[in-house]
Amino acid sequence: LLVVACLLSVIGPISFIIIDLIYIMQIFLLVMVSCRFRREYRRTDRQHNQQTRQRMQEISKAAAICAFLLLALMASSDIFDLVAVDGNLSLLLAVITIICYASTLYIIVRDLSQVTHRNIKRMKKRSAAEPNLERPSTTNATQNSNPIRNKEGNVVGMASAAPRPQWLPSAGSGMASVDAYCWSLSIHQWVQFIKSCMATDTWLELAEAKGEYNISMYDVNTHFVIPWTRGTGCSVAMLLNSESDPSPVQLMVSHSWGGSVMESLRAMQSLIALHFVPGDTRIFFCTLSMYQPEDDSPGGLSISEQLNLNPFAKIIERQPEYGMFVFHTTLCEVYERLWCVHEVDEALKANISIYGVFDLERWTEASFKENMKVDTKESKCNLADQAMLTHLIEEGGGFPRLDKCIFNFRKKSKKDLRLAMQFEQVFSINLSDTQEV
């Protein structure tokens, strides 16, 4: 409509009333868009839909600004037609017209391109699904139920034991017989395991008690990893690859156990969609790569025995092909965990590339900018490891060096985040769609 109106005004003498009617139609449509997205913005949940709510607000504002610019464009066009103007005023009106026209087109391409039926349905579906999902009742907890704990460690509910998937092997060669730098699984296997957790009633009970985006790797470890690997002496990674030769790690994943599993799943998708990492790439993800039950099973190793093998240092020393990717989630700061700080320290020593990955549905450029700086000296872990890791970091150059490194790679990550969001807006493609993994 905008292009038609401008062409009509240039082609030849035509009634300005027709052009004004076209402008009025555009203004009416834009006001409707603005009101609709403003209404949807107010309806969405304030806690769980931060990214969706910000996009709705941006679209609402963009539509309102666009309507105002079109009103100014219509006014300047009418002045041209109705009033005899001198050369200077004519030039001024022409400049105003061009600015309004260019600004309107820019806003349409940048923001209003998101206003498609598919995106509207996706936003409404997400805003309806994320907060307070209907879940089965957990009041009738069985003897096999496990407590559900929140971030502070308080019990907020009970979850039934998750049935072990039939496709997961029940035996393997054991952790002790495999080199630490081969404790790997593929991206596709990681996604398969997480989606199997999500398909259980246990996951639904966790989501009811905590909110789906508040389920962390601590929960996955307690309710799925430990019960499903207990007695095998093998981590999830070793069980999934029990029938093949162990493969060296090609990509190191640094993550916080307190991070959101849902956001981690979408971040894993971005490895494929944004960084073009093949789905069969072998990764190290400590929750699934290390044996967690601590049950003295034959062939198994305790957590301390596994850590004494220095798996992180050995993997990084071997210069993994795709470097190290740090998973950022909105649930917690990844560098609150001293082990993640140690992983960056080892990566710096080995001079390997470090990248940040995110869930594009949850992060915004503004929220990421607020978390650019970090004080790694305040990072924590259990007391047994705290002194050892602090000593290693101080020997390697100290915490200020790591603070600067993290700030620099996060600056690059912020640019990647902005480009990914612009790509989604222009092409209406959801890069966080985990159905494609």
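Student: What share of the contacts in the chain with a separation of 6 or more comes from residues 24 or more positions apart?

Tutor: This is a predicted model. Contacts in the chain with a separation of 6 or more are taken as the total, and the part from residues 24 or more positions apart is counted within that total. That part is 81%.

Student: How many helices and strands does the chain have, and what percentage of its residues is buried?

Tutor: The chain has 17 helices and 7 strands. A residue counts as buried when its relative accessible area is under 20%. Of the 437 residues in the chain, the buried ones make up 51%.

Student: Are helices α6 and α8 roughly parallel or roughly perpendicular to each other?

Tutor: Helix α6 covers residues 187-198 and helix α8 covers residues 217-229. Their axes are 11 Å apart and meet at an angle of about 95°. Angles of 65 to 115 degrees count as roughly perpendicular, so α6 and α8 are roughly perpendicular.

Student: How many nonpolar residues does the contact of α6 with α8 have?

Tutor: From α6, the residues in contact are Trp190, Phe193, Ile194, Ser196 and Cys197. They meet Met217, Val220, Phe224, Val225 and Trp228 in α8. By class, the contact has no charged residues, 1 polar and, as the number asked for, 9 nonpolar.

Student: Which residue has its backbone oxygen 3.0 Å from a polar side-chain atom of Ser289?

Tutor: Ser289 lies in helix α11 and is buried, with a relative accessible area of 0%. Among the residues Ser289 touches are Met175, Leu185 and Phe284. The backbone oxygen at 3.0 Å from the side chain of Ser289 belongs to Trp183.

How values were computed: Residues are numbered from 1 along each chain as its sequence is written. This is a predicted model: local features need pLDDT of at least 70, side-chain atom pairs count only at pLDDT 80 or more; totals for chains, interfaces and linings use all residues. Side-chain values use heavy atoms; hydrogens and water are left out. Axes are lines fitted to C-alpha atoms, for helices over the stretch in contact, and angles run from 0 to 180 degrees between N-to-C directions. Helices (H or I, at least four residues) and strands (E, at least two) are DSSP runs, numbered from the N terminus. Angles under 35 degrees count as roughly parallel, over 145 as roughly antiparallel, 65 to 115 as roughly perpendicular and the rest as oblique. Contact means heavy atoms within 4.5 Å. Ala, Val, Leu, Ile, Met, Phe, Trp, Tyr, Cys and Pro count as nonpolar, Asp, Glu, Lys and Arg as charged, and the others, Gly among them, as polar. Buried means under 20% relative accessible area, exposed over 50%, partly exposed in between (1.4 Å probe, protein chains only). A polar contact is a pair of N or O atoms within 3.5 Å; within protein, one must be able to donate a hydrogen and the other to accept it, and residues adjacent in sequence count only if both atoms are side-chain atoms. Lists of a residue's contacts leave out its neighbours within four places in sequence.
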